[in-house]
Amino acid sequence: MAARVSFAIDSPRGSSTVSVAYERAGTGEPLLLLHGIGHHRQAWDPVFPILAAERDVIAVDLPGFGESPGLPEGVPYDLATVVPVLAALCTALGVERPHVAGNSLGGLLALGLGREKLVRSVTALSPAGFWSEAERRYAFTTLRGMRAAATAMPVPLIEWLSRSAAGRTALTSTIYARPAKRSPQAAVAETLALRGATGFHQTLAAGHTVRFTDDLPDIPVTVAWGTRDRLLLRRQGIRAKHVIPAARLVRLPRCGHVPMHDDPALVARVVLDGSRPAEQS
């Protein structure tokens with residue numbers, strides 16, 4: 001069941017209010033979970049209970065995605081704006097310097113939080129921002145196509161497709177290596193989340209010039225990439241390692257772009273290992 005928190009941010013029109021939906025469970029050190037563009041906090045459902053056994057886990061719907069309304073009018077969806085919004089969210093939730101794990105767009109935001117030293121550790125799963133220009137164009141074209149297809153399909157058609165393995169593959173194979181294993185309910189929910197994402201186009205537009213080029217020498221960083229990622233190709237992980245030389249680079253065998261569903265146990269272990277003190281790792 002989602003909770004909701006509202007908090008003030010600075011905006012071009014002065015102080016504005018942002019509202020974010022989230023789910024929180026568990027005990028231990030805080031761990032913030034961030035999903036990718038067009039997705040929702042339920043992307044983390046397969047690993048959430050595993051992580052909550054050792055962490056105070058907070059999975060959020062980013063502004064303009066899932067159950068969170070969009071940012072106030074005139075507030076951009078770029079990295080320089082959304083990172084402070086997430087910092088204000090943590091303050092509103094009474095959380096100081098959490099660990100953070102993010103996937104895709106969420107991975108880029110996690111690295112942005114690390115760059116500002118707002119978190120204790122960063123785990124980035126197939127993070128955006130390490131692409132070549134050709135790879136960025138390919139990813140953005142694919143995402144626009146996914147959004148257009150989700151928007152064009154009537155809900156009864158989405159529900160009908162979700163009932164078969166072939167249909168679930170048609171709906172979700174771009175981001176999962178094992179789409180047929182998705183439940184019908186999950187396939188429908190994430191397709192509807194993609195079509196209903198009010199922040200989709202503004203977030204995508206803000207990403208045209210994004211390149212993550214900063215080292216994070218004082219923050220433990222893990223970068224993990226699925227070997228079957230069809231959206232952000234795994235060679236981008238090598239670039240991430242060049243940018244952040246001390247980062248732990250992890251290969252996720254037989255996992256796609258959203259690996260939490262393809263191998264929950266492996267991803268949970270990677271996240272927990274990445275958020276342990278160095279002497280325990």
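Buried residues (under 20% relative accessible area with a 1.4 Å probe, protein chains only) make up 55% of the 281 residues in the protein. This is a predicted model, in which local features need pLDDT of at least 70 and side-chain atom pairs count only at pLDDT 80 or more, while totals for chains, interfaces and linings use all residues. Residues are numbered from 1 along each chain as its sequence is written, and side-chain values use heavy atoms, with hydrogens and water left out.

Begin with the whole chain. The C-alpha atoms fill a box of roughly 50 × 45 × 40 Å along the principal axes.

Next, select Trp131 and Phe140. Both residues are buried. Aromatic rings of Phe, Tyr and Trp (its six-membered ring) pair if their centres lie within 6.5 Å; planes under 30 degrees apart count as stacked, over 60 as edge-to-face and the rest as tilted. The centres of the Trp131 and Phe140 rings are 5.4 Å apart and their planes stand at 90 degrees, so this pair is edge-to-face.

Finally, select Met146, Leu171, Ile175, Glu190 and Leu194. Of the 23 residues that line the largest pocket, these are the closest to its centre. A pocket is an open set of points on a 1 Å grid where a 1.4 Å probe fits, with protein on both sides within 12 Å along at least five of seven lines; lining residues have an atom within 4 Å of a point.

How values were computed
Buried < 20%, exposed > 50% of the residue type's maximum accessible area, 1.4 Å probe, protein only.
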